[in-house]
Amino acid sequence: MESCKISRRNMLLGTGASLAAMAVSGTAQAAAKPMAGEGDAAPQASTPDQIRRMQWWHAAKFGMFIHFGLYSVHERHEWAMENEAIPIGEYQALAPRFNPKPGFAREWAKLAKAAGMKYMVMTTKHHEGFCNFDTKLTDYCATKQGPKRDLVREYVEAARAEGMHVGFYYSLMDWHHPDGARCATDEAARKRFVAYTHGLIRELLTNYGKIDVLWYDVAWPLDAQGWESERMNKMVFELQPDIIVNNRNKLTGDFSTPEQKIVAETNGRAWESCMTLNDSWGYQRADDDWKSSKTIVRNLIKCASGGGNYLLNIGPKPDGSVPEESVQVLNEVGKWMDTNGATIYQSDICQPHRSSYASFTRTGNTLFMHVHFWPGRDVAISGLKTKVKSAHFLKGGQSVKFTQDPYRVHLVELPMEAPDSPVTTLVLECESEPIQDTDFVRREKPRAGV
C-alpha cells in the first residue's frame, strides 16, 4: 500500500519494534514474524469441509466491514489511543459519551443490502479493549458503560432482518487489559490473558445464535502457541460447526485477508481483500480522502476476477450514523449492482486482464468487459484466443458489431458517451473459455518495414 495510508500491518511494524530487545521464551514468546493476513506462505487447496462451510461465502463476493467503538467518539482514527499515547483514564472517559441512536444497526444493514453486499462483519472488540457486547468477564463493555445496551445484539438482529450473513471481528491485541502486553514475558499473565480472550470468544459464539464468520485480528504479542490458537479454534468449531474463520490468530484458517490491496491467492486458497472507503477504518472526522464509486466497482471486479471476496469498510459516526459520503458511494455502487450484479456473484476465475481502460469477469464461456474509462466509438481486446460468437451491452441488451482476427476483437459503432455509470459492461459470448495471450500479439502481429 502507499506509504501515506495506514494499515494494521504498518502500525504493527512500529509497535513490534518496542519489544524487539525483550528476552522471551516458551509459550510467552513474542511473535517476530509479520502479521498473518496479507497472504499465506504455503496456501493449501480447500478441504471438503471448507468447501461445504464456505459455499455461501464464495457466492456472496461482497461484504460490509464495520469499525465502531470508543474511537468513533474520539473522531481521530481507531489507532488514536496508541498513536497519541492517550492515558487509560483519559481514554476511558470516552465511554459515557458513546451512545448510538436507536436503530443505528438497521441503517447499516439496509445500506449493505442496497449496495449489493451479502454479509457484514462488525468489530465486537477492537484494539482499545472495549467490548460492544454483553460480557461477564469485564465491566469495560457497552452494557455496563456508555449506551448500557448490547450493541452486538442490535447489529445481529438488524443484519438478520435484512437477510445478511453475520460476522464478528475480534481483536486479540488489547491495549486496555493489564496483561495485554506483559503476557509476552510473564507466563502467569499469558495464562490469565488467554483465558480472558478465549472466554470472550466463547461468549460471542454462544449468546447470539448462528454466526457465519469469525474475523480475528492482530495476534501481537503472541504466536499461535502462546495464544493456544489450536485450542481456540477447536472451541470455535465446537460452538459453531458451520462458521468460517480467517488466518489472523496465526493459523491458516479458512481464508487469507490481504489488507488495503488486492492479492489473489493460489492453489485454490480462499481470500478476501479488506479495504477502507477513505483512509481510516474507524471514524475520523477530518479524513476526506473518499474513494469514488468507480474505484469501488473496479476493486470489486478485480476481486471477483481473481476468485476472491471484497470486504469494504464503513466507519460510523459516534451516534452510529454512516458518513454521508459513504452512503452516497455505496448507493451508487448498489445501482450498478442492480444491473451488473450477476457478473460478480456468478463469476468464475477470469484469466483475461490486460486493458488500459477495462477489466474483466467471466461466467463459463461468457466474458464481461467492464469499461471504466469509456473511449468512445470503439473498444478492443488484444490476444483473445477463442472465437467470439456475439456481443451486446449488458444494460439494455443492445447488440454490438465487432470484427475479430488472430490479434484482436474490435467492437465498433459504439456511442460516444458511456451507456452506464460508473462502469459500462459489454458481454462477449465465446465458443470456449476466454483466454488472453498478449505475448502472442507482441511476437506475431505483423510489423512495418524500415
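The radius of gyration here is taken over C-alpha atoms, and the globule rule is 2.2 Å times the number of residues to the power 0.38. This is a predicted model, and for its 450 residues a compact globule would come out near 22 Å; the protein has 24 Å, which agrees. The C-alpha trace spans about 75 × 45 × 45 Å along its principal axes. Within that you'll find 14 helices and 14 strands, and 55% of the residues count as buried.

Now for the charges. Side chains of opposite charge can pair when their charged atoms come close. A search of the whole structure turns up 28 salt bridges. Take a look at helix α2 (residues 48–60), where Asp49 and Arg53 sit four residues apart, about one turn of the helix. Their closest N and O atoms are 2.7 Å apart. Asp49 is partly exposed at 35% relative accessible area, while Arg53 is buried because its relative accessibility of 6% falls under 20%. The pair also belongs to a network of salt bridges that links Asp49, Arg52, Arg53, Asp242 and Asp254.

Arg354 sits in the loop between α13 (342–345) and β8 (358–363) and is partly exposed, at 43% relative accessibility.

Definitions and conventions:
Residues numbered from 1 in each chain as written. Predicted model: local features only at pLDDT ≥ 70, side-chain atom pairs only at ≥ 80, totals over all residues. Heavy atoms only, no water. Helix = DSSP H or I, 4+ residues; strand = E, 2+ residues; numbered from the N terminus. Buried < 20%, exposed > 50% of the residue type's maximum accessible area, 1.4 Å probe, protein only. Salt bridge = Lys/Arg side-chain N within 4 Å of Asp/Glu carboxyl O.
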